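Please have a look at the sequence and the structure before I start.

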Amino acid sequence: MSNLIFKNIAQLVTMRGPNRLRKGQEMRDVEILENGYVVVQGDTIIDIGTGDGYRNYMDNNTEVVDASGLVMTPGLVDSHTHLVHGGSREHELTMKLEGYSYLDILRAGGGILNTVKKTRKTSFEDLYEKAKKSLDIMVCFGTTTVEAKSGYGLDFDTEIKQLEVAKRLNDSHPVDIVSTFMGAHAYPEEYKHNHDAFLEIVIKMLPYIKEHNLAEFCDVFCEREVFSYDESRYILEKAKAYGFKLKIHADEMDSIGAVDIACTLGCVSADHLVETKDEDFTKLAKHDIVANLLPATSFNLNKNYAKARQMIEMGCGLALSTDYNPGSSPTENIQLVMQLAGLKLKMTPKEILTAVTINGACAVKREKEIGSIEVGKKADLVLFAVPNIDYLVYHFGINHVKDVYKNGKLVVHNQVICYEEE
Ligand code: NIG
Ligand code: FE
């Protein structure tokens, strides 16, 4: 097997350290090697260091990439997206600008329910093509692993269709997809007045999804006027019993006890956390739950931002994700999320990088395979055309990626997709 060597890397952000959630101060503990090198064999990293230590690995077949003037990071992990869905919702923009809230629009049958109608009508092939385009955009911005939720079907056939699209994409696209079943994303129009019946429909889907290996995680939108504390708990308890790992949409608009559910049921992550009470930060930290923050959603909805500084000070481990979806966060751009995390959440570049690499990997339970550049891990690597990591957060709204490698293979070159279709 021939080697692939990266040499003269201006800043090599290794994220070396324990393969677990990095919490509090640890999020700032980031190793950056100047004039670094990385050696890859097949899909795996076999050595890293500084200077010319890479020379020992050179033979006639070795490909050498000169990364002078570039920053290398681990492939970015976008650990909260609603990747697969039909249509878009630009016609709700005017309503939003006129002052209607996210929940006002949902109440009027728009929002998630609008996308549900479109997703039900869209064929498998069209959903696949649309999601593939988004994945291509994501990888061009440096994302190499994506979590993808269902939740725009709210009936058996469409939820399964969404999950099968994600599965097919995981097989055919270089980006890895971790699937989450989110049948409890909203009450569909036809069960608006019969919550109990809908809960049973969601529960009945669980064994099928498990048996067909269509999702690893189960997630619930725990929110006033959506799924109550009891309803959310009920679904996640059942999911846990079927062997799903858990996530929860927590405290996005209001705090109704989602963190309590996350702690007592052992959720892997609690996401949003905009309106979370201060005493709940300590609980998240104590239970090693990934606090997955989504500042692009706050930006797009013109809402409050999560209190990231306080969370870090109280020992939480933070991830950052796009929440890519057609309503509250129509963007695939993880770099914009990183920049908002700097400007709006007051996170430092090192904390931000921890959040989108190793902590993102923890949010999808892949921390042993990805999330850092160290011997034995997968060669998911991003080369950024920036002089240092501060620049990545400072110069906002553009794409800084030069090249992206997934499992040791070049998949984006000079910001253009170059992987071979499978
Ligand atoms: O994470 N909060 C619930 N779900 C998405 C929004 C989905 C939509 O509006 O279509 C979110 O913000
Ligand atoms: Fe979401």
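Predicted model: local features only at pLDDT ≥ 70, side-chain atom pairs only at ≥ 80, totals over all residues.

Let me begin with His-80, which counts as buried because its relative accessibility is 0%, where buried means under 20% relative accessible area, exposed over 50% and partly exposed in between, with a 1.4 Å probe and protein chains only. Residues are numbered from 1 along each chain as its sequence is written, chains are lettered from A and ligands numbered from 1 in the order in which they are written, and side-chain values use heavy atoms, with hydrogens and water left out.

Which protein atoms are donors of the iron ion (ligand 2)? They are NE2 of His-80, His-82 and His-249, together with OD of Asp-323, lying 2.1 to 2.5 Å from the ion; donors here are N, O and S atoms within 2.8 Å of the metal (3.2 Å for Na, K and Ca), and since water is not among the atoms, sites may look incomplete. Along the chain these donors follow the spacing H-x1-H-x166-H-x73-D.

Turning to the helices, H8 (residues 258-265) is largely enclosed by the rest of the structure, because six of its eight residues are buried. Those buried residues, Ala-258, Val-259, Ile-261, Ala-262, Cys-263 and Leu-265, pack against several elements, among them helix H7 (229-241), strand S10 (245-250) and helix H9 (278-286). Just after H8, Gly-266 takes a positive phi of about 75 degrees. Helix H13 (residues 349-356) is also largely enclosed, since seven of its eight residues are buried, including Glu-351 and Thr-354.

Now for the domains: the chain is divided into domain 1 (3-74 + 372-417) and domain 2 (77-363), with bounds that come from an automatic or database domain assignment. Their centres, taken over C-alpha atoms, are separated by 29 Å, and the contact (heavy atoms within 4.5 Å) takes 37 residues from domain 1 and 38 residues from domain 2. Between them the domains bury about 3000 Å², 68% of it on carbon and sulfur atoms, buried area being the accessible area (1.4 Å probe) that two parts lose on being put together, summed over both. Leu-21, Met-27 and Val-393 supply 23% of the area that domain 1 buries against domain 2, more than any other three residues.

Finally, consider Gln-339, which sits in helix H12 (residues 334-343) and counts as buried because its relative accessibility is 1%. Leaving aside neighbours within four places in sequence, Gln-339 is in contact with residues including Leu-392, Val-393 and His-400. Leu-392 lies in helix H15, is buried with a relative accessible area of 2%, and touches, among others beyond four places in sequence, Met-338, Gln-339 and Leu-353.

Notes:
Helix = DSSP H or I, 4+ residues; strand = E, 2+ residues; numbered from the N terminus.
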